[in-house]
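I opened my notebook for a first look at this structure. Here is what I looked up, entry by entry.

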Amino acid sequence: MPSRKDSGKHFRDAKAHKQARHSSRQEQRQKRNSKRQQQQYADDGEDFDDSGKTKDENLDGLDVMASYVDSESAHEGDDPYDLMPDLSMDAYEQTEKDEERAWEHKRQNHPHHRVRNTFLVIFIVFVVVLGGFTAVFYVSARNVYNSSLNAVSLSKDIATSFGEGNTKNIVSDAQSFSRCLQSMKDETDKPIWKIAQHVPFISGDVQKAIDLVDIGQQVSVNVVTPVAQDMDGVSVQSILSNQKIDLDSLNQLCKVFSDVQPAIGDADQQINALGDAQFEYLNDPLQASKARLNELNTAAVNLSNIAPQLPAMLGSEGTRTYLVVAQNNAQLRSTGGSPAAQMLISINQGKFTLSTFKIADEDYREGQIPLTDEERQIVVDLMGTDADTEQQDVNVVPSFPRAAQLLEWCSEKNTGESVDGVIAIDPIFLQDLLDLIGGVRASNGTQIDGENAAQLMMNGVYLNQSSESKHGNSDFAQLAGLSLSSVVNNMGRVSITDFVRCVWDATQTNHFTIYMDKEDEEAAIERINAAGEVNQDGTQPVAALYLNDACDSKLDWYLKAQQRITGVQYNDDSSVTYTVDATLENTATATAMQNNAPEELVGDNPEGRNYGIVLSCLIMAPTGGSISDVDARLTTDKDQSNVSLYGNNVVTGSLEIDPGETIDVSYKITTQRGATAPLQLYMTPVAQS
């Protein structure tokens with residue numbers, strides 16, 4: 001039998017083995033528990049204290065052991081001397097299962113943790129994917145933007161080459177333009193752009209960018225390339241040469257643009273339908289493209305409208321003679337200014353021959369100038385002008401075609417030479433033309449150019465009358481003739497695109513107006529809005545305020561005038577009533593007028609009116625419309641009920657504006673029923689426009 005000493009040793013060895021085995025299992029279990037508790041802390045953080053340790057980790061070793069003794073000592077058969085309970089394999093597995101169930105129970109009691117974790121995973125994946133998408137789309141969008149800048153630059157180069165007649169560069173630039181648009185198209189056809197069309201905040205602009213590229217490619221294929229090819233070998237610059245227009249080159253130009261105009265018009269309509277873009281990087285090229293296409297479409301439409309009649313008007317079928325009238329805006333008339341000077345100009349096969357500007361101041365017997373009864377009632381009886389006896393008053397009538405016919409009558413009466421039409425210009429238009437070709441020097445050494453021509457002709461010649469002339473109108477006629485001759489003699493120095501743009505702008509502001517005797521030619525002039533006729537379309541209503549100098553002065557140089565719509569009322573009968581306010585300012589000073597102004601400048605009886613501006617006004621309603629609530633200062637003591645001119649309701653009256661004074665005049669215009677467009681306003685062009 002073993003001795004007590006051996007038995008004690010065996011007991012101690014067994015106990016040590018048991019303790020070692022239990023410690024190993026306890027350590028493994030604590031590691032697993034710690035791992036689970038850390039996972040649970042990531043979910044809800046409730047099993048860790050502020051230090052980041054588990055609650056059990058804050059117990060010391062004795063507390064842990066005591067907890068196990070308390071839990072296990074109740075089991076029968078336990079050795080009362082064994083402080084470490086004997087955990088068999090079955091007991092250990094059972095304990096592990098119990099802990100697993102407890103942990104799973106806690107997980108099931110917090111289902112939102114699983115949803116949140118799932119969302120976090122999806123969000124992280126989305127951010128990664130979005131970051132990749134953003135990087136790829138940014139690179140592609142940047143490529144399109146850079147190409148758009150190149151396209152805009154190339155379009156300007158094409159316009160410049162076209163104006164300079166460099167057809168070789170036109171073809172080359174057109175090819176580069178086509179490649180640039182194709183490059184943009186290739187980018188926007190990529191799948192990344194299809195995806196971007198569905199991304200919030202940018203989807204609208206992405207679609208606009210795609211549409212803009214498509215429109216640009218249409219213009220490249222259907223407009224730029226055909227024009228470049230058809231004009232290859234044609235010197236556009238040769239259309240304008242000194243004293244002549246090349247009719248063959250002009251005909252080719254008209255044909256080319258007439259052919260492509262439908263494509264230009266379609267592109268112009270599409271781009272206007274895009275509206276505005278949200279982001280500046282897209283909106284800038286979008287608005288630039290809109291402006292360029294609109295300008296191109298306007299030019300193409302106008303060329304198409306006038307192309308059939310233009311060669312004959314320029315003498316292709318024989319010499320044409322026109323009366324050129326220089327209207328002086330310093331002495332206002334309804335169509336612009338008094339016809340202070342006139343000349344005859346002949347055109348044969350595109351070649352110009354000019355006579356000399358002369359003063360137009362013929363007088364006739366009362367009633368001799370052939371006004372209609374309606375015109376006489378308005379401009380003579382109500383407005384008190386001398387339009388039936390004096391040549392310089394005939395264009396008080398507001399319709400330029402009618403004024404032109406009266407001017408023709410006066411010219412033919414004086415010279416015995418018939419004319420084929422009337423061309424009206426003014427110093428503002430002449431100054432714009434001189435700005436293109438450069439200045440010209442007058443006989444007295446004065447330089448006339450694109451900066452001072454208007455002031456010299458409408459004001460300077462009256463403030464500083466030469467000793468050689470009887471009055472300022474002689475100097476006005478001399479400077480106007482000198483300026484126009486310089487333009488005709490130097491047309492070859494001007495880019496045709498600049499020249500056409502200058503002429504077009506002047507026709508739209510009534511600084512350059514044309515009348516043709518032949519009906520088909522006059523219809524063509526009306527189609528390009530250069531006829532100065534009274535609007536007769538009530539569905540597209542236009543209200544007009546015509547101004548006329550009433551004291552035989554040149555003081556209207558100092559007049560600033562504008563009008564605007566300040567109120568709109570929609571009526572039950574589908575008509576619309578507009579409140580219109582006109583503001584008129586006299587920028588002269590009484591001191592300057594009293595001390596320094598010659599008689600011809602200040603006009604009749606200047607002291608009696610305090611050297612002020614006196615205007616005889618004519619308000620005209622749109623066709624089918626009416627005028628009401630006219631400012632009291634415009635009314636007269638003459639009966640104006642149911643008065644009309646050319647079928648339109650009119651009201652007349654006079655205004656006096658003292659030096660330095662600004663006055664406001666209001667009236668109401670009611671359109672016809674069912675007008676399809678808002679009211680437009682027209683006013684006689686003034687010198688300070």
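Before the first entry I noted that buried means under 20% relative accessible area, exposed means over 50%, and partly exposed lies in between (1.4 Å probe, protein chains only). I also noted that this is a predicted model, where local features need pLDDT of at least 70, side-chain atom pairs count only at pLDDT 80 or more, and totals for chains, interfaces and linings use all residues. Residues are numbered from 1 along each chain as its sequence is written, and side-chain values use heavy atoms, with hydrogens and water left out.

**Entry: Asn283**

I looked up Asn283 and found it in helix H9; helices (H or I, at least four residues) and strands (E, at least two) are DSSP runs, numbered from the N terminus. Asn283 has a relative accessible area of 19%, so it is buried. Leaving out residues up to four places away in sequence, Asn283 touches Asp276 and Ala277 (contact means heavy atoms within 4.5 Å). A polar atom of the Asn283 side chain lies 2.9 Å from the backbone nitrogen of Ala277.

**Entry: H9 and H17**

Next I followed H9 to a helix partner. The axes of H9 (residues 280–306) and H17 (residues 519–527) come within 8 Å and cross at roughly 170 degrees. Axes are lines fitted to C-alpha atoms, for helices over the stretch in contact, and angles run from 0 to 180 degrees between N-to-C directions. I saw Asn302, Asn305 and Ile306 in H9 meet Ala524, Ile525 and Arg527 in H17.

**Entry: strand S4**

How many residues of S4 are buried? I found eleven of the 13 in this strand (residues 336–348), which is mostly covered. Strands pair if DSSP finds at least two bridges between them. S3 (residues 320–333) runs antiparallel to S4, with eleven bridges joining them, and a hairpin links the two through two residues. Gln327 has Pro339 in S4 as its bridge partner. S5 (residues 351–354) is also antiparallel to S4, over four bridges, and there Ile345 is partnered by Leu354 in S5. In the hairpin of S4 and S5, Gln349 takes a positive phi near 50 degrees.

**Entry: a four-stranded sheet**

Last, I traced an open sheet with the order S12-S13-S18-S15 and antiparallel pairing. Its edge strands are S12 (559–570) and S15 (626–628), each pairing on one side only. Nine bridges join S13 (residues 576–586) to S18 (residues 662–670).

Notes. Polar contact = N/O pair within 3.5 Å; in protein donor to acceptor, adjacent residues only side chain to side chain.
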